[in-house]
Amino acid sequence: LQSYDAVRTDLPDERFVTVGGSQVYVEQWGQVEPVVLIHGFGGSSHNWQRVAEELGDRYRLIAPDLKGFGWSERPEDGESYSFDSMVQTVVEVMEELNIGRAHIIGHSYGGGIALWLAASNPQRVRSLTLVDSTFPGTEFGPGPQFPRAGPLTPVLVQGMLRRRFVRVALENSYYEPEKVDEALVDDYLVRLRIEGAERAFRGLTAKSARPSGEIDPGDLEVPVLVVWGADDPLIDAWLGQQFAAAVPDGRFRLLPDCGHTPLEEKPHEFVEAVEPFLQRHGPEAAD
């Protein structure tokens with residue numbers, strides 16, 4: 001595993017903010033109207049690269065690496081990996097970057113964080129987009145399904161950090177598995193094989209990592225767009241349809257011939273689905 005000191009030394013200081021005493025890496029593209037992008041479990045800010053190529057000339061895109069992922073630090077304390085702490089991390093990143101209100105887009109596990117942020121801090125959310133999302137604390141889904149940390153955690157984590165495991169996991173989530181090439185696997189692996197991976201896994205899968213409380217989609221005060229790959233093999237699209245139908249201001253878009261990760265598999269179609277929604281709820285439209 002690469003040491004975190006080496007990671008930190010190799011990257012520009014301006015791409016890090018300090019949140020709760022830990023270093024959080026933040027990738028940014030574009031300027032003006034802010035859009036916060038929250039990656040899924042096992043992912044990183046890099047997952048949004050192709051979306052940034054499509055959207056980064058029209059919006060200010062802010063993509064943090066959640067604690068335990070990407071180029072962000074792997075803290076020692078387990079509480080840093082709780083769901084509530086992840087939500088707070090995104091809020092504090094916004095504060096550090098002087099962003100009072102933004103469009104929030106979350107994918108998979110990051111969708112659950114985005115949803116919780118919108119429910120607990122609606123004043124910070126201009127619009128909410130959920131992408132093949134988990135729905136923690138609701139009747140629409142139990143959240144990410146990961147094995148709990150236990151005595152075999154070191155062996156389990158070592159297995160998960162092998163190239164074969166990452167490749168198969170990506171192939172199983174894509175509609176067209178042949179799109180998973182060595183470069184894509186490398187992009188994931190280099191950000192996973194970092195000192196502290198084992199403690200991050202323990203924290204992320206601990207019982208305390210579950211969100212506190214519940215969310216009633218009928219109480220959401222922000223406009224919501226739910227975008228789903230029609231052929232998602234991990235989370236069925238009907239969950240997204242059910243959730244969108246239960247939200248007062250909810251919309252649902254299905255992307256054909258697409259698996260669990262539209263932001264990587266179908267970035268152009270994804271942006272075509274999302275951008276009109278962002279425009280509809282931007283500051284100019286509100287004015």
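Me: Before anything else, the terms: buried means under 20% relative accessible area, exposed over 50%, and partly exposed in between, with a 1.4 Å probe and protein chains only. What makes Gln-123 exposed?

Reply: Gln-123 has a relative accessible area of 52%, and the cut-off for exposed is over 50%, so Gln-123 is called exposed. This is a predicted model, in which local features need pLDDT of at least 70 and side-chain atom pairs count only at pLDDT 80 or more, while totals for chains, interfaces and linings use all residues. Residues are numbered from 1 along each chain as its sequence is written, and side-chain values use heavy atoms, with hydrogens and water left out.

Me: Where is Gln-123, and which residues does Gln-123 touch?

Reply: Gln-123 sits in the loop between H4 and strand S6 (125-131); helices (H or I, at least four residues) and strands (E, at least two) are DSSP runs, numbered from the N terminus. Not counting residues up to four places away in sequence, Gln-123 touches Gly-100 and Arg-101, where contact means heavy atoms within 4.5 Å. From Gln-123 to Arg-50 there are 73 residues in sequence and 29 Å in space, C-alpha to C-alpha.

Me: Which residues of H3 are buried?

Reply: They are Phe-83, Ser-85, Met-86, Val-87, Thr-89, Val-90, Val-91, Val-93 and Met-94.

Me: Why is Val-90 called buried?

Reply: The relative accessible area of Val-90 is 1%. The limit is under 20%, so Val-90 counts as buried. Leaving aside neighbours within four places in sequence, the contacts of Val-90 are Val-36, Ile-38, Leu-66, Ile-113 and Leu-117. Arg-58, by contrast, is 32 residues from Val-90 in sequence and 22 Å away in space, C-alpha to C-alpha.

Me: What is the phi of Asn-98, and where does Asn-98 lie?

Reply: The phi of Asn-98 is near 60°, a positive value in a residue other than glycine. Asn-98 lies in the loop between H3 and strand S5 (102-107).

Me: Is Asn-98 buried or exposed?

Reply: Exposed: the relative accessible area of Asn-98 is 71%, against a cut-off of over 50%.

Me: What makes Ser-108 buried?

Reply: Ser-108 has 11% relative accessibility, and buried means under 20%, so Ser-108 is buried. Ser-108 is in the loop between S5 and helix H4 (109-120). Although Ser-108 is not a glycine, its phi is positive, about 55°. Not counting residues up to four places away in sequence, Ser-108 touches Gly-40, Val-131, Asp-132, Ser-133, Thr-134 and His-260.

Me: How many helices and strands are in the chain, and why is the chain called as compact as a globular protein of that length?

Reply: The chain has twelve helices and eight strands. Its radius of gyration is 18 Å, close to the 19 Å from the globule rule for 287 residues, so the chain is as compact as a globular protein of that length. That radius is taken over C-alpha atoms, and the rule is 2.2 Å times the number of residues to the power 0.38. Of the 287 residues, 55% count as buried.
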